[in-house]
Amino acid sequence: MSVAENIAQIKAGLPDHVQLVAVSKTKPAELLMEAYRHGQRAFGENKVQELVWKYEELPKDIEWHFIGHMQTNKVKYIVPFVRLIHGVDSFKLLKTIDKEAKKCKRIIPCLLQFHIAEEDSKFGFSMPEVTDMLHSAEFAQLTHVKISGVMGMATFTDDENQIRKEFACLKNYFDRLKTDFFPENADFKEISMGMSGDYLIAVAEGSTMVRIGSTIFGERNYLPST
Ligand SMILES: *Cc1c(COP(=O)(O)O)cnc(C)c1O
């Protein structure tokens, strides 16, 4: 099936309130353009350099989502144009985004990434780390970031019950943070969870944003291209 058909099929199965972020990492510009011509505007990338060249090359009404692990020294390259940073996994990173965003007079929407999987390898906050941060005086001084919700990745497993449990856990974190810290804040509304293999479970557990790559663009090939 074509990229356009894949997007149409995924969208047909998503409720209206769930946004599709097309994860285009490693894929060439012409494939993104195929999705773009089909009306897709939100794209997700996980490498700063790749995001920057795609931003420069592709139409300016694309919404670029950064979904990867972000190094603080690279924040400055994407802050001028990025729409949403999904993987904010440390206070240090959030402070760096705030500092760089101030320089270019933008307010950057950010999602707090939680560690919900069993695997050690996945990045993310724990709930106590986040509550400590949100209670801190230092957090109150940040002016150029906007906490827009939470993000998480489930364990890579065939065990649907485990995946479901992990997504339910992230939804529960979202609900607790909403009640305790953001009750009057309409910006705090996103739950970014669900990828190609597990997005239907994520949607059933309350996702508002799914990040789908291989089901749209095909399997990724990580071999160097030169
Ligand atoms: C690559 C990636 C995705 C998309 O994965 P697929 O399985 O190809 O849909 C989603 N989220 C993150 C954080 C990723 O790195």
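Trainee: Which residues touch the most other members of the largest nonpolar core?

Mentor: This is a predicted model. Its largest nonpolar core holds 68 residues. Those touching the most other members are Ile 78, Leu 94, Ile 97, Phe 114, Leu 177 and Ile 216.

Trainee: Which residues does Leu 177 touch, not counting those up to four places away in sequence?

Mentor: Contact here means heavy atoms within 4.5 Å. On that basis Leu 177 touches Phe 114, Met 127, Val 130, Thr 131, Leu 134, Val 150, Phe 182 and Phe 188.

Trainee: How many residues are in the other core, the one with Val 21 and Met 209?

Mentor: That core lies apart from the largest one. Leu 84 and Leu 111 are also among its members. Its residue count is six.

Trainee: Is Cys 110 buried or exposed?

Mentor: The structure holds zero of them. The cysteine sulfur nearest to that of Cys 110 belongs to Cys 104, 12 Å away, and a disulfide needs sulfur atoms within 2.5 Å. As for cover, Cys 110 has a relative accessible area of 0%, under the 20% cut-off, so Cys 110 is buried.

Trainee: How does Cys 169 count, at 26% relative accessibility?

Mentor: Buried needs under 20%, and exposed needs over 50%. The 26% of Cys 169 falls in between, so Cys 169 counts as partly exposed.

Terms used: Residues numbered from 1 in each chain as written. Predicted model: local features only at pLDDT ≥ 70, side-chain atom pairs only at ≥ 80, totals over all residues. Heavy atoms only, no water. Buried < 20%, exposed > 50% of the residue type's maximum accessible area, 1.4 Å probe, protein only. Core = buried A, V, L, I, M, F, W, Y, C linked by side-chain atoms within 4.5 Å.
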